[in-house]
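Hi everyone, thanks for coming. Let me put the model up.

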Amino acid sequence: MNDFISHMGKFHKIGIALIGLVVGILADNAGARPVIEFPVNAISVSQKAGSVAIPVQTTGDFEVLYYTEYNPWFDYSTQAGTTKSGVGYGGASGISRSFSEKDSTMFISIPIYYTGATQDLFFTVVLSDPTYADLGAITAVTVTIKGEKPKPAINILTTKGPLNKRFTI
């Protein structure tokens with residue numbers, strides 16, 4: 001179907017769903033579907049942060065007329081790395097999210113748990129199963145939970161006088 005509609009001064013390629021009447025029109029200026037992806041492939045967060053907000057973006061010029069059931073949707077899940085769900089972070093799986101026609105970026109919020117670990121830990125968040133959209137180039141982001149750095153000790157050694165002792169502060 002190569003039909004076009006004029007809306008807000010632009011011509012849009014359209015697809016019409018008919019079920020006794022028109023229930024929605026998905027208009028796309030370029031004729032291409034929206035693309036959903038992460039804008040980055042790695043994020044770092046302090047283990048004391050409480051949560052991490054991971055950006056997800058959609059690109060492409062889509063508009064939804066009449067109804068919103070044609071907005072781009074996606075699922076995401078977390079995958080264990082050097083830390084696992086319930087230990088360093090709160091895992092999620094199969095959660096659907098939808099962009100509205102005004103959104104170009106939304107955020108996935110993942111709880112971060114304080115472990116007291118001194119080394120960096122990581123896990124991965126993966127996008128999957130887009131609806132009314134395609135996945136872009138970056139579909140996984142590695143989240144690094146920064147380890148606690150030990151507080152430096154200051155050693156003072158005196159060799160002269162009556163204090164001839166070692167002190168650690």
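V35 stands opposite D134, which sits in β12. When I say strand, I mean a DSSP run of E of at least two residues, numbered from the N terminus. Two strands pair if DSSP finds at least two bridges between them.

Before going on, a word on where this comes from: it is a predicted model, where local features need pLDDT of at least 70 and side-chain atom pairs count only at pLDDT 80 or more, while totals for chains, interfaces and linings use all residues. Residues are numbered from 1 along each chain as its sequence is written, and side-chain values use heavy atoms, with hydrogens and water left out.

Back to β4 and β12. They are part of an open sheet of 4 strands with mixed pairing, in the order β10-β6-β4-β12. At its edges are β10 (105–111) and β12 (134–135), each pairing on one side only.

Now please look at β11, residues 121–131. With β8, residues 73–80, β11 pairs in the antiparallel sense over 7 bridges, and there Y76 has L127 as its bridge partner. β11 also runs antiparallel to β13, residues 140–146, through 6 bridges; in that pairing T124 stands opposite T142.

β13 has another neighbour to show you: β5 runs parallel to β13, joined by 5 bridges, with V45 partnered by I145. In a regular strand the side chains alternate between the two faces of the sheet. In β5, I43 and V45 make up the covered face, and A42, S44 and S46 the uncovered one.

Where does Q47 sit? It is in the loop between β5 (42–46) and β6 (51–59). Is Q47 buried or exposed? Q47 counts as buried because its relative accessibility is 2%; the cut-off for buried is under 20% relative accessible area, with a 1.4 Å probe and protein chains only.

What does the side chain of Q47 reach at 2.7 Å? The backbone nitrogen of G116. A polar atom of the Q47 side chain also lies 2.9 Å from the backbone oxygen of A117. Beyond residues up to four places away in sequence, Q47 touches (heavy atoms within 4.5 Å) a set of residues including I112, Y114, I145 and E148.

Note on methods:
Buried < 20%, exposed > 50% of the residue type's maximum accessible area, 1.4 Å probe, protein only. Polar contact = N/O pair within 3.5 Å; in protein donor to acceptor, adjacent residues only side chain to side chain.
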